[in-house]
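Open the structure in your viewer and keep the selection tool at hand. The stops below say what to select and what is there.

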Amino acid sequence: MERLLFIMLFFVLLLTACGNGNEELDPNEESMDVNFNENISADLNDNELDLVENNQTSNEDQDTQNGSKESSSFDYGVDDFDLGLEFQDGDEWDYDYDYEEDKEAEIEKENGEKIEISGPDAIEEIEIMLQEIQITPPTSEDDAIAEILNHLTVSEQDLLSFDLEIDFNDGEELDVSRSY
């Protein structure tokens with residue numbers, strides 16, 4: 001494309017230089033040059049946009065082929081989510097989420113005092129977690145633990161136990177239990 005532009009500009013310069021300077025300009029010739037230059041600029045911009053779009057599509061296809069672009073657990077579809085964490089300092093966190101006709105959720109945290117969250121606030125907090133984590137049925141236990149702990153900003157070294165049960169809406173299940 002750059003070669004074509006260079007060749008066309010070369011011929012325009014050549015034709016301009018070959019004129020004897022004694023001729024009067026025809027008003028139509030001037031507008032033709034302006035239209036010609038505008039068309040070349042428009043074509044270049046269109047081609048640049050095509051290159052950018054093709055590159056983005058190529059990158060998205062490559063991400064999908066490499067498996068690096070996964071959907072969230074929420075997008076995959078979760079019917080039931082149960083998470084229990086026991087900490088070395090005696091704290092316990094429990095997350096329960098049931099997606100049925102009427103969503104139900106409850107979060108209990110015992111951090112010296114008992115904190116209970118239920119209803120819409122618990123549903124929102126757990127659904128945010130499910131949207132941010134990438135756990136699906138083929139996820140390994142180590143990866144599932146890492147996804148959850150990363151989201152909750154919890155260190156695995158602080159835990160006594162980790163229990164996770166997820167029932168996906170396609171009938172698949174993921175159960176992870178680990179004691180430390």
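A salt bridge here is a side-chain nitrogen of Lys or Arg within 4 Å of a carboxyl oxygen of Asp or Glu. The model is a predicted one, in which local features need pLDDT of at least 70, side-chain atom pairs count only at pLDDT 80 or more, and totals for chains, interfaces and linings use all residues. Residues are numbered from 1 along each chain as its sequence is written, and side-chain values use heavy atoms, with hydrogens and water left out.

**Whole chain**

Start with a cartoon view. The chain has five helices and six strands; these are DSSP runs numbered from the N terminus (helices: H or I, at least four residues; strands: E, at least two). Read from the N terminus, their order is α-α-α-β-β-β-β-α-α-β-β. Of the 180 residues, 24% count as buried, where buried means under 20% relative accessible area, exposed over 50%, and partly exposed in between (1.4 Å probe, protein chains only).

**Salt bridges**

How many salt bridges does a search of the whole structure find? The search finds five. Select Glu141, Asp142, Glu156 and Arg178, which salt bridges link in a network.

Within this group, look at Glu141 and Arg178, whose closest N and O atoms are 3.5 Å apart. That pair links distant parts of the chain, since Glu141 is in helix α5 (residues 141-152) and Arg178 in strand β6, 37 residues apart. Glu141 is partly exposed at 38% relative accessible area, and Arg178 is partly exposed at 24%.

Next take Glu156, which also bridges to Arg178, with 3.9 Å between the closest N and O atoms. Glu156 lies in the loop between α5 and β5 and Arg178 in strand β6, so this pair ties together parts that are 22 residues apart in sequence. The relative accessible area of Glu156 is 35%, which makes it partly exposed.

Then select Lys114 and Glu116. They form a salt bridge with the closest N and O atoms 3.5 Å apart. Lys114 is partly exposed, with a relative accessible area of 49%.

**Aromatic pairs**

A pair of aromatic rings is described by the distance of the centres and the angle of the planes. Rings of Phe, Tyr and Trp (its six-membered ring) pair if their centres lie within 6.5 Å; planes under 30 degrees apart count as stacked, over 60 as edge-to-face and the rest as tilted. By this rule there are two aromatic pairs. One of them is Tyr76 with Phe168, an edge-to-face pair at 5.1 Å centre to centre and 85° between the planes. Tyr76 is in helix α3 (residues 73-76) and Phe168 in strand β5, 92 residues apart. Is Phe168 buried or exposed? Phe168 is buried, at 2% relative accessibility, whereas Tyr76 is partly exposed at 29%.

**Negative patch**

Select Glu86, Glu92, Glu110, Asp163, Glu165, Asp170, Glu172, Glu173 and Asp175, which form a negative patch. Patch residues have over 30% relative accessible area and no salt bridge, and like charges are joined within 9 Å. β5 (159-168) and β6 (173-179) each supply at least two residues of this patch. Glu92 lies in strand β2 (residues 92-98) and is partly exposed at 33% relative accessible area.

Note on methods
Patches are made of residues with over 30% relative accessible area and no salt bridge: like charges are joined within 9 Å, nonpolar side chains (Val, Leu, Ile, Met, Phe, Trp, Tyr) within 5 Å. Accessible areas come from the Shrake-Rupley method with a 1.4 Å probe; for residues, only the protein chains shown count as cover. Lys and Arg count as positive and Asp and Glu as negative; His and the chain ends are not counted. The place of a charge is taken as NZ of Lys, CZ of Arg, CG of Asp or CD of Glu.
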